[in-house]
Every structure is written in structure tokens, then in C-alpha cells.
Amino acid sequence: MPPPKRLVIAITGATGAIYGVRLLQILQAVPEIETHLLISDAGALSLLQELGMKRKEIETLAHHVHKVRNIGASIASGSFQSEGMIVAPCSMKTLGAIANGLSDNLISRTADVILKERRRLVLMVRETPLNLAHLRNMTAVTEMGGIIFPPLPCFYQRPQTIAEIVDHTVGRVLDLFAIPHTLSPRWNGVTVMT
């Protein structure tokens, strides 16, 4: 059996902690994926505020947990083989640090490594409205090869619950890593009546 594919998941202090949690829940059931989790202090606050979940509860969903201040962790090196990284949700602070190569903690350092090694980086950025700094930072990350993926709801499939909205978005993110799922139906087009 081949070794598992590694995927780094980071949860930061923007609203939308459910996206990171749901990704971990889904990936826990995918035997060929090994997850490496990072939760910022602000991310832990969002988890508690939005979901009533403590950091330790979320950490049990991952294969490996890294402390954000441990800049010397394995995932901080380009020699650490991975499929990439998803920041779900991604705060504007984290976006700014990544866009400017600050590497001031393990989240932004790992993202920097992912970019320099030309691996897939997906940032589920959360903020509205956007100011010019946000837009410029998104452009900078995109120019470096990252993917800006705001978790915007899809309504054409007529979701009935928040869970359906979340699953659709999480499914689209998993598609970017070619991870099979059945979280939401595939779009088959529409018949236009004339």
C-alpha cells in the first residue's frame, strides 16, 4: 500500500470555522489522506464562538497537530512532502502575512513553503466588504500560484440547510485536490425552454 498523501489544514480567526472542521471530518474517512492541523489562537476563539467546540475537540479529527508557534516543525520545510495546504477559513491577517512572505508563524511559514515548492495552496478568505489591501493581497497570492477560494454559497441547487451549503463548498475545495467525495450533486446543466 502506498504511503498516505499529506494535506495541511489551518484554521484561522475569520468567521467560518465550520469549513475547517468539516474538511477534517470528511478527510478523516479518506484512508489515503494524512492530515496535519494548525489552529491559530484567534481560530480557537472562532471555533468556540461559532461552534461551541474547544481546540482539543478539533485536534482529535487530525492525524497530526502542530503548534502555530513551532516554526521548526516538519511542515515548515520544503523537504516535507505534501499535496498542499488549505486555510479554512483564512483571515485577512493570515492572507496579508502569506502575500508578503512574512513567515511569522507556522501557518504563514508553511504556506510560504507550499508556494515555493509549487504545491497547491487554497485560501478560503473571509471578509466583507473588501478594501484595497485585501484585494492586492489576494492578487499577490494568486500571482504566486495560490488559489483564493472565498466560501460563497451556491443557490442554484436550492440548499435547504446550512450543512448543505457548507458541504457544497467543501466539496469544491476537495475537487481542487482530486479527492473523491459525494458531498453535493454535480451540475448537469439546465434545459432552456424557448
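**View 1. How much of the protein chain is tucked away.** Of its 194 residues, 47% count as buried, where buried means under 20% relative accessible area, exposed means over 50%, and partly exposed lies in between (1.4 Å probe, protein chains only). This is a predicted model, so local features need pLDDT of at least 70 and side-chain atom pairs count only at pLDDT 80 or more, while totals for chains, interfaces and linings use all residues. Residues are numbered from 1 along each chain as its sequence is written, and side-chain values use heavy atoms, leaving out hydrogens and water.

**View 2. The order of helices and strands.** Seven helices and six strands make up the secondary structure of the protein chain; helices (H or I, at least four residues) and strands (E, at least two) are DSSP runs, numbered from the N terminus. Along the sequence they read β-α-β-α-α-β-β-α-α-β-α-β-α.

**View 3. A nonpolar patch on the surface.** Tyr156, Trp187, Val190 and Val192 make up this patch, with about 470 Å² of accessible area together. Patch residues have over 30% relative accessible area and no salt bridge, with like charges joined within 9 Å and nonpolar side chains (Val, Leu, Ile, Met, Phe, Trp, Tyr) within 5 Å. A salt bridge puts a side-chain nitrogen of Lys or Arg within 4 Å of a carboxyl oxygen of Asp or Glu, and accessible areas come from the Shrake-Rupley method with a 1.4 Å probe, where for residues only the protein chains shown count as cover. Val192 sits in the segment after α7 (162–176) and counts as exposed, because its relative accessibility is 64%.

View 4. Cys90 is buried, at 0% relative accessible area, and Cys154 counts as buried at 11%. The whole structure has zero disulfides, a disulfide being a pair of cysteine sulfur atoms within 2.5 Å.
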